[in-house]
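Me: I have a protein structure to study. Could you take my questions about it one by one?

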Amino acid sequence: MNLIYPTGISTPLASFPLLRRAARCPVSYRAIMSSSLISDSEKQNKLVWIWTECKEVMIASVERGWNTFIFPSESRFRDLATEWSSIALIHPLFIEGSEISNMQNQVVARLCNVCSPEDLLFIQPHEQTNDLVINFKGEWQVIPAENLVAAFQGCKRTVLAVTTNSSEAQVFLEALEQGLGGVVLKVDDIGEVFALNSYFDQQNEVRNLLSLTRATVTRVQVVGMGDRVCIDLCSLMRPGEGLLVGSFARGLFLVHSECLESNYIASRPFRVNAGPVHAYVSVPGGKTCYLSELQAGKEVIVVDRNGKQRNAIVGRVKIESRPLILVEVKENMSNEMYSIFLQNAETVGLVCPCEDKSTKTVIPVTSLKVGDEVLVRVQGAARHTGIEIQEFIIER
């Protein structure tokens, strides 16, 4: 059997291991995602169902493990489901009226159209055991979705929302932070499948701890003026958290936020005084970008001293001319040298290794001295447009 891919290349099914593996996935595949403020025990598996007539969308979805597909109940769509079932192991569901049934005509979910506030009143959490698919047809979507999240918390029924694009899906999956139980992606555009998959990849990325390494300060030198970048986030940071910044992508320093109280200036837990415009900063997807490239709406990675990471949206970037200080360190295990420029101010600091509760969290750059230990993130050196690549490179 041959498959026609979007590129027009005809490829035997047996030569596509991704599709074969995906075909063996459980029919109720769920994508793992998490929130920065939800504990591990509260992390949810999100259902993703696909509603499409496009074979390319079906193939791309199955390759990503999304193998539950919704079809209208007409005979031609049942024929389409049968045809696709000969290509991969999919789980077809059919809509007839308000009922969604499987191939054995067992009702597994109910479709509810929500056009007004009154429609929400008829959706009761403990009325039945079937899952719910909500089709928001009114102008309002966010608040109704939040109302459903609140109403169905602790309920065993899963609530999914019909969505026509990945951006809208994100709204439903993050409503009231916890989000609905899943989405039904109703598209014929393969790009929306890729975009939704990318969103889940970024959410899953934050579940992994970053490896941070001890490094010993070898040089602290006050230098001249430079254009430094203050990053104000749309999120609050806690003690021990900051951004990964450095002069070289191969070694990024954990620069602490301005969340700590002082006698001279109010706490600004949304801010990191990150360094000059040439420095790299870590962003989602294992990439870096220059501080000068950041702008409102972009995302960065917030990291704590234990390596726990989360994504945060940049709300504002301030570039101002300030006096700088150069910090050089030697990584304790490999003796590699790394450096960073920071504003020479008491509110700017680097995160220390975690010893015990009595250990201070941060050392201000104004107090930093040779022999102090700080945390760095060691990674590949060569970068092209922020993406790590394998090539010969010398950076000084």
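Me: How many helices and strands does the protein chain have?
Reply: This is a predicted model. Buried residues make up 47% of the 396 residues in its protein chain. The count of elements is seven helices and 25 strands.

Me: Among contacts between residues at least 6 apart in sequence, what share joins residues at least 24 apart?
Reply: Contact here means heavy atoms within 4.5 Å. Take the contacts in the protein chain between residues at least 6 apart in sequence. The share joining residues at least 24 apart is 58%.

Me: Which residues of helix H3 are buried, and which elements do they pack against?
Reply: Helix H3 covers residues 75-85, and its buried residues are Phe77, Leu80, Ala81 and Trp84. They span an arc of only 100 degrees around the axis, so they sit on the same side of H3. In general, an α-helix has 3.6 residues a turn, so residues three or four places apart point the same way. The buried residues of H3 pack against helix H2 (55-63), strand E5 (68-72) and strand E6 (91-96).

Me: Which residues are exposed on the other side of H3?
Reply: Exposed means over 50% relative accessible area. On the other side of H3, the exposed residues are Ser75, Arg76 and Asp79.

Me: Is tryptophan 140 buried or exposed?
Reply: Tryptophan 140 lies in the loop between strand E9 (131-136) and helix H5 (142-152). With Val142, Ile143 and Val171, Trp140 makes a nonpolar surface patch of about 380 Å². Its relative accessibility is 61%, so tryptophan 140 counts as exposed.

Me: Is phenylalanine 200 buried or exposed?
Reply: Phenylalanine 200 lies in helix H7 (residues 190-205). Buried means under 20% relative accessible area. Phenylalanine 200 has 2% relative accessibility, so it counts as buried.

Me: How many disulfides does the structure hold?
Reply: A disulfide needs a pair of cysteine sulfur atoms within 2.5 Å. Cysteine 289 is buried, at 9% relative accessible area. Cysteine 352 is buried too, at 4%. The number of disulfides is zero.

Me: What is phi of asparagine 105 near?
Reply: Most residues other than glycine have a negative phi. Asparagine 105 sits in the loop between strand E7 (99-101) and strand E8 (107-114), and it is exposed, with a relative accessible area of 56%. Its phi is positive, near 60 degrees.

Me: What is phi of leucine 176 near?
Reply: Leucine 176 is in the loop between helix H6 (166-173) and strand E11 (182-186). It is partly exposed, with a relative accessible area of 45%. Its phi is also a positive value, near 50 degrees.

Me: How many salt bridges does a search of the whole structure find?
Reply: One of them pairs arginine 238 with glutamate 241, at 3.5 Å between the closest N and O atoms. Others share partners and join Arg228, Glu320 and Arg322 into one network. Over the whole structure, the number of salt bridges is 13.

Technical notes:
Residues are numbered from 1 along each chain as its sequence is written. This is a predicted model: local features need pLDDT of at least 70, side-chain atom pairs count only at pLDDT 80 or more; totals for chains, interfaces and linings use all residues. Side-chain values use heavy atoms; hydrogens and water are left out. Buried means under 20% relative accessible area, exposed over 50%, partly exposed in between (1.4 Å probe, protein chains only). Helices (H or I, at least four residues) and strands (E, at least two) are DSSP runs, numbered from the N terminus. The arc is that of the directions from the helix axis to the C-beta atoms. Patches are made of residues with over 30% relative accessible area and no salt bridge: like charges are joined within 9 Å, nonpolar side chains (Val, Leu, Ile, Met, Phe, Trp, Tyr) within 5 Å. Accessible areas come from the Shrake-Rupley method with a 1.4 Å probe; for residues, only the protein chains shown count as cover. A salt bridge is a side-chain nitrogen of Lys or Arg within 4 Å of a carboxyl oxygen of Asp or Glu.
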